[in-house]
Amino acid sequence: MSYSYPAAAPTLAGDVLTVNRFLNNPTLVARRVAELSRQRFIGDVLLTGRSDVEGGAVQFETDDTLYSDRPVERVSPGGEYPLATVGTGTASIAKTEKWGQDTLVTDEKIKRERMQAAERAMGILANSVVKQFDSVCLSLIASAVTQTIAASSAWSGATPTILRDIMRAKATIAALNKGYNPNVLVVDDMTWAYLGSDAALMNAMARESQNNTVYTGEFSVVAGLLILPTPNLPATGAWMVDTNLLGGIGNEDLGGGYGRWAGSPIETKSMREDKEDQFRLRARRVAVPYVNNPGAAIRITGI
């Protein structure tokens, strides 16, 4: 009998041995979970700041000022420059939390369903972590952002003024004169449908090509804003956000032999339980979202 070394890499369409070897490889499991959850974290898109947490909490400053505490003065030749104080925002601390879930894949399921058993289990774990942490991020944004503007008329009504409402919201943020530049509009799925089918917006689109919603069924940008639909909004309305300044997420690495694929915030672990003839799969995220510039977002109400 001959043996090959190193062993061949596991494949996605093999026998029971292939599935077992796949689940016993933490790197492959982490990579697959990352693929299943890719581009599903809206919270990560809205809160782009990143901090590596040590000690279980992240410290940040809220609502930093852009100006010194005194006006700039005229300086005569050879004269002394006036001394000003550059203020800082209010210091705040947010504690990280661990969000996670396990699921089991028995030897019987692996024998009968092959790779599909592992794929389904990892998909459920990835989706569950995504949904929970997205809800946490969006709830935080909803509670921290108090700035609102009412739509001129309901976007679902007969005479909506969607583009004007969006431009009014952008102007409200710009009027704060803090350098905010909104680049994302977060809406629920039904509001996205109203946006994509609005007659006024359709008529304003370029007619020389077929790259509009009527043909593609897609509606991703309006007034320079990336449209992000999500089912996890904690309240009705459309949320306009400057993702570069609104806030961030602090991630903590607790160790423990977990795998994490490059660029993914999800940690995974696959554990063989020989006593029960099964694998225990786990996905988790140890993190905390924070908002340090609530003025960088506004909620459009009455839509």
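Rolling a probe the size of a water molecule over the atoms shows where empty space is left. In the predicted model, the count comes to one cavity of 30 Å³ or more, and the volume of the largest cavity is about 40 Å³. Its lining is made up of L46, L138, I141, A142, V186, L233, P234, W239 and V241, and, when these residues are sorted by class, nine are nonpolar, while no polar and no charged residues are found. Two elements, helix 5 (115-144) and strand 9 (238-241), each contribute at least two residues to this lining. Of these, helix 5 provides the largest share, which amounts to three residues.

Side chains of opposite charge can pair when their charged atoms come close. The structure holds 12 salt bridges, and the pairs described here are set out together with the accessibility of their partners. In the salt bridge between E267 and R284, the N to O distance is 2.9 Å. Because E267 lies in strand 11 (residues 267-273) and R284 in strand 12 (residues 278-291), the pair ties together parts that are 17 residues apart in sequence. E267 has a relative accessibility of 3% and therefore counts as buried, the cut-off being under 20%; R284, with a relative accessible area of 6%, is likewise buried.

A salt bridge also joins the side chains of D44 and R50, with an N to O distance of 3.3 Å. Here D44 counts as buried at 15% relative accessibility, whereas R50, at a relative accessible area of 41%, is partly exposed.

For the salt bridge formed by the side chains of D274 and R272, the N to O distance is 2.8 Å. D274 has a relative accessibility of 56% and so counts as exposed, since the cut-off for this class is over 50%, while R272 counts as partly exposed at 31% relative accessibility.

Beyond these pairs, salt bridges also link D102, E273, R280 and R282 in a network. Two members of this network, R280 and R282, fall within the residue range 278-291 of strand 12, the strand in which R284 lies, and E273 falls within the range 267-273 of strand 11, the strand that holds E267.

Technical notes: Residues are numbered from 1 along each chain as its sequence is written. This is a predicted model: local features need pLDDT of at least 70, side-chain atom pairs count only at pLDDT 80 or more; totals for chains, interfaces and linings use all residues. Side-chain values use heavy atoms; hydrogens and water are left out. On a 1 Å grid over the protein atoms alone, a cavity is a set of points where a 1.4 Å probe fits but cannot get out, and a pocket is an open set with protein on both sides within 12 Å along at least five of seven lines; lining residues have an atom within 4 Å of a point. Grid points are joined across faces, edges and corners, and a volume is the space filled by probe spheres set on the points. Helices (H or I, at least four residues) and strands (E, at least two) are DSSP runs, numbered from the N terminus. Ala, Val, Leu, Ile, Met, Phe, Trp, Tyr, Cys and Pro count as nonpolar, Asp, Glu, Lys and Arg as charged, and the others, Gly among them, as polar. A salt bridge is a side-chain nitrogen of Lys or Arg within 4 Å of a carboxyl oxygen of Asp or Glu. Buried means under 20% relative accessible area, exposed over 50%, partly exposed in between (1.4 Å probe, protein chains only).
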